[in-house]
Amino acid sequence: MTVCLLLLSVVAVTAAVPVPRVLTRAKWPEREPVVALWAWQCLVATVLLCCLTALALSAAAVFGTVRAQLFAPAPPAVTAAYDLSAASPWTTVLTVLLSCGAAWTTAMLGRELAEARRRRTRARAHLRERAPDLPAGLPAARGPLLVLEEEYPDAWWMPGSPPQLIVTTGALQRLTDHQLDAVLTHERGHARARHDWLLHLSTALATGFPRIPLFAHFCDQTHRLVELSADDTASRRCGHLTTALALIELNQHRGVLSCASSHRLLGERVERLLEPPPRLGRHHRALTTAAAALVPLVPLLITFAPGLKALP
């Protein structure tokens, strides 16, 4: 059991510190944002699984009731293979630390979801007061669309059931029909992929554990990659140039091409649409996706290895 806990700790530290730094320096996520999002999720899942399985093993070693419940269906030889009868003092400390970490993670996720729900409720009430009736002839047949009277051009989506697209009258006046279609396709890409849940998860982990490099990078990269992914969805339907022009028109008043850090992502997105990077081939994309999917299996294999060896 001690060996399992040590191996789980090594895997968790490796996935939480050096691997995220290498992944943030890589160039291929810009070409394949969807695959990169999957890789980040698998990396986070690996760390969380390491902590969860370590908590289960250490709690089983410390508390006889947990051990009886956890290993109830297993043969006696499997229970003996884990050597849970004698718990060292550091196992008790590890159990307390992991339990506090699990409780803190749950609290951060709950707070993030509660705050998001409150923000969404306030925004919907505000929109009901300011949104006029939808003019006839707009391309809104594929989903709910709400027009907001606003001088500045803007468009965004609001998560919910169902998700709702909001576009301002300034955007309707400035954008052409093709550019408006690109903007709405971009926002529908966010809605179909349920990017809001991914953003909530990354924000909660980064807020709760700001000193862990994995969670900090996961939050930053998620906010960046979901936009690149939605840009790709719009460009496949409406073209790269149309999507880039729509992005410029929507954000011209914000300084989309300025060097300010808050606008740097907008400039990168425009440059990426005007000069699309070479994409990975299907073979390389499939290998990358499969490799990322196998990473979360490592903590499970480490945890179940003693039990598998003990089986006849």
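Predicted model: local features only at pLDDT ≥ 70, side-chain atom pairs only at ≥ 80, totals over all residues.
Residues are numbered from 1 along each chain as its sequence is written, and side-chain values use heavy atoms, with hydrogens and water left out. Helices (H or I, at least four residues) and strands (E, at least two) are DSSP runs, numbered from the N terminus.

- β1 pairs with β3 in the parallel sense, over 4 bridges.
- Which residue of β3 is the bridge partner of valine 147? That's valine 167, and valine 167 also stands opposite alanine 155.
- Both faces of β1 are covered: Leu145 and Val147 are buried on one side, and Leu146 and Leu148 on the other. "Buried" means under 20% relative accessible area, "exposed" means over 50%, and "partly exposed" is in between (1.4 Å probe, protein chains only).

- Contact means heavy atoms within 4.5 Å.
- Aspartate 181 is part of helix α9. Why does aspartate 181 count as buried? Because its relative accessible area is 16%.
- The aspartate 181 side chain makes a polar contact with the side chain of arginine 237 (3.3 Å). A polar contact is a pair of N or O atoms within 3.5 Å; within protein, one must be able to donate a hydrogen and the other to accept it, and residues adjacent in sequence count only if both atoms are side-chain atoms.
- Threonine 185 is in helix α9 too, and it counts as buried because its relative accessibility is 6%.
- Leaving aside residues up to four places away in sequence, threonine 185 touches Thr233, Ala234, Arg237 and Cys238.
- The side chain of threonine 185 also reaches the backbone oxygen of aspartate 181, at 2.7 Å.

**Helix α12**

- Here's a quick check on helix α12 (residues 240-251): at 1.5 Å a residue, its 12 residues should span 16 Å, and its end C-alpha atoms are 17 Å apart, which agrees. The expected span is 1.5 Å times one less than the number of residues.
- Buried residues of α12 include Thr242, Ala246 and Leu250.
- The buried residues of α12 pack against β2 (155-158), α8 (169-174), α9 (177-193), α11 (213-238) and α13 (264-274).

**What the record says**

- An unreviewed UniProt entry lists residues 146-196 for "domain: Peptidase M48"; in the model, that span is 49% helix and 24% strand.
- For "transmembrane region", UniProt (unreviewed entry) lists residues 35-63 and 286-308. UniProt positions are given in the numbering used here, feature names are shortened, and annotations may be inferred rather than shown by experiment.
- Residues 35-63 are 97% helix and 0% strand, with end C-alpha atoms 41 Å apart.
- Residues 286-308 are 91% helix and 0% strand, with end C-alpha atoms 30 Å apart.

Note on methods: Pairing = 2+ DSSP bridges.
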